[in-house]
Amino acid sequence: MTSSPGALFALGLFAALWFFAGLWAVGRGIAMQRRSAFVAAQTERLASLVDASPYLPVVVRADWRIEAGERLGRWLGLEGGVRNFDELAGADCGLDRAGLDTLRQAILGAQRGARPFTLSLRPQASGRTIVVHGAPAPQAVGGPGCVLLWLSDATEGQQALADMRRERDEALGAFEALSGLIEAAPFPMWFRDTELRLALVNDAYVRAVEAASADAVIDGGIELCEPVAGIGAIEAAEAARAAGSAQMRTIPVTIEGERRMMRVVDVPLAPQDGAPIGVAGYAIDVQELESERGAHRRFADAQRELLDRLSAAVAQFGPDQGLLFANQPFRRLFEVEAEEVAEGKPFARLLDAWRDRGRTPEVRDYPQWREARVGWFALPYASEEEWLLRDGTHLRVVAQPTPDGGLLLIAEDRTEQVQLAGARDTLLRVRTATFDNLFEAVAVFAPDGRLHLWNQRFRRLWVVDEGALAAHPRVDALMAGLADRLAKPNQASLMQEVIRAATLERTQRGGQIRFADGRHFDFAAIPLPDGNALLIMLDITDSRKIEVALRERNEALEAADKVKTAFLSRMSYELRTPLTSIGGFGEMLRAGYAGKLSEPQSQYVEAIMDSVGVLSRQIDNVLDLAQGEAGTLAIERVAVDVRTLLAEALDDARSFAEAEGIELVGDLAETIGTIGGDASRLARLVAGLVDNAIRYTAPARRHGGRVLLHAWGDAKGVEIIVSDNGPGMPDAVAAVTEGQQTATTSGGIGLALARQLVAAHGGSMEVVSERGQGTMVRILLPRAE
């Protein structure tokens, strides 16, 4: 088949068109590919910009589907992405129901009224603050009903804003508080502007200058401080501003009409941007402070003067550990020179100097010891030590840190106290040994009734364990436990009462108790000067036995004495009857009733009558003695002329003295007078004493024997003395003194009877006799009333 040229042309034309169409398609594809790559690059760039932006775009479509990046889930604290509006809320993450409903209503308003909105949401778990800006989405972003949300994380911004608000509030509060504080300050305060004029003053300033108000002070420029030494208040403020620091001066100021010392301080305020600054100031009343400072200075001087008078050594060190003061005892004790005090020698160097002088104790490690003592300055409490020096001195050292960082060092020489303490310990040991070896049982009770001390005899006496006594029981508990040792247990309360009286009433009492084993004890509670009471128990068992024996013997002797007295009385009366007969017949013979007697017969009768008289007097003496011992001696009270009685006694004894070769001398004063008494018994008394003196003197003084009867009287009474120069009779005198009734002499009155007769007359008799020197009997008889 052949083709026509037209067909071939058409076919060629179609092929050319197809070729050109293919070329155009290829070029168009290449251009579109390039455009697509450009758009993709732009899209990726825009997506990076969106991701880097602090704002997160979220598209909410009309069907409530959400188009957003992964950041939305992270911001809301959700896991994974969010595709639906309801997924924005969760149980414990995302938005809460209230926040979700608020956002929903805002989106609905934007969809219906095309109104933009702004919300602040706080997700439950993320702790963020998210600000949402919403508006209808552009047509290119979404169709009708779409809303574009821009979310931003405002957490840091909100926190910063809150911090700024809080700082502002705090600053305002501080400013108001500072203003109130300045206004309420009790001392004047003020502020000067850049031109140093008063711009602000408080009430204290107004009162100090006695102005009507603060405005009056500022308007009138009333200054508180007067110029002192050419420097006024404005000049002082200018000097503070020029120096750039606070300036202080103490000047006299008139405050409310009273002149007082004030400490005025001008403080330049901090500059801002190089602008001129103002100056604030205040004034503090230091009048009392200055007065107290002067008083403190005077007190310190007086204290140092007082410390110089103390016996204790005292030194004061400052905060720099330098020596500030040392009193005289301290200087003497530690050999401190005046130069060391003047230069304030450090404490550590003083310790070294004291060590060289032997004024510190000997220690093994001196550097360590020295460092520890230097550490006294830093201690919060006082330290106390005992120092034994090389010379035997004992020191009690007290280191008291002072509030200013210094140190007060006090040293007391206790050498004598230590020696006394040693002596006291020795005395205590001696006392303990003495207590334990006393024959008596001894115990000491304290004022509260507790047993304080006791000896071993006390413990053994009551059969008590040492441990029970060592518990120091009270006296009531102690006696209650010991009552069974007594024959009468109720006597324990008696001892308890005696001890109570000694401790509380400070009275001494005593008594006797008997133990169940038959032993007897005397006890007494004695108050001691220290408030304690001393209980002493003495075993009197043997003395009680002796007392019983003596009592029985005394009763027997009394019975025998009564028998003897009765016998003597009876015998006296029985002897008097035949003696009366003999005397009567003798009188009859002497009278011649039996005829005239020859000379020898007359002499015999006279001898008989003399013997009858002597025997009659002896019988009377024996009878008086018996009555005196029995207490039945009756004395007749009549006026007796003592001088006449004594003269008759001398006359009656003179013949007997001449016969014995004894010189009988009478010295009778004219003023003897009379006394009230029994004349016959007094006559027998004197006659018996003179007769005894002659009888005892004659054998020894056959030549040169002398008996003296001396008597004188005054208004009170009569004194009669019978003395001799015989051999003396001290044994008889001793017997009379001891009350024995054997001191009678043959042919004379016994001294015992003489003493009884004198005592019956209310007088006294004294007998003095020395062997070889004679005897003197002195009698004092009172006047009759």
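1. Two strands pair if DSSP finds at least two bridges between them; strands (E, at least two residues) and helices (H or I, at least four) are DSSP runs, numbered from the N terminus. The model is predicted: local features need pLDDT of at least 70, side-chain atom pairs count only at pLDDT 80 or more, and totals for chains, interfaces and linings use all residues. Residues are numbered from 1 along each chain as its sequence is written, and side-chain values use heavy atoms, without hydrogens and water.

2. Within the parallel pair of β22 and β24 (residues 705-713), joined by 7 bridges, Val 665 has Leu 708 of β24 as its bridge partner.

3. Both strands belong to an open sheet of 5 strands with mixed pairing, in the order β22-β24-β25-β27-β26. Because β22 (662-668) and β26 (764-770) are edge strands with a single partner each, one side of each lacks a neighbour in the sheet. On average, neighbouring strands are turned by 10 degrees against each other, direction ignored; axes are lines fitted to C-alpha atoms, for helices over the stretch in contact, and angles between N-to-C directions run from 0 to 180 degrees.

4. Helix α20 (residues 642-660) lies across β22, β24 and β25 (717-724), at about 170 degrees to β22. Helix α21 (residues 679-697) touches β22, β24, β25 and β27 (774-782), and its direction makes about 155 degrees with that of β24. Contact means heavy atoms within 4.5 Å.

5. Elsewhere, β1 (residues 55-60) pairs antiparallel with β5 (residues 147-153) over 6 bridges, and Tyr 55 stands opposite Ser 152 in β5. Strand β1 is also joined to β2 (residues 66-67) by 2 antiparallel bridges. In their hairpin, with 5 residues between the strands, Trp 64 takes a positive phi near 70 degrees.
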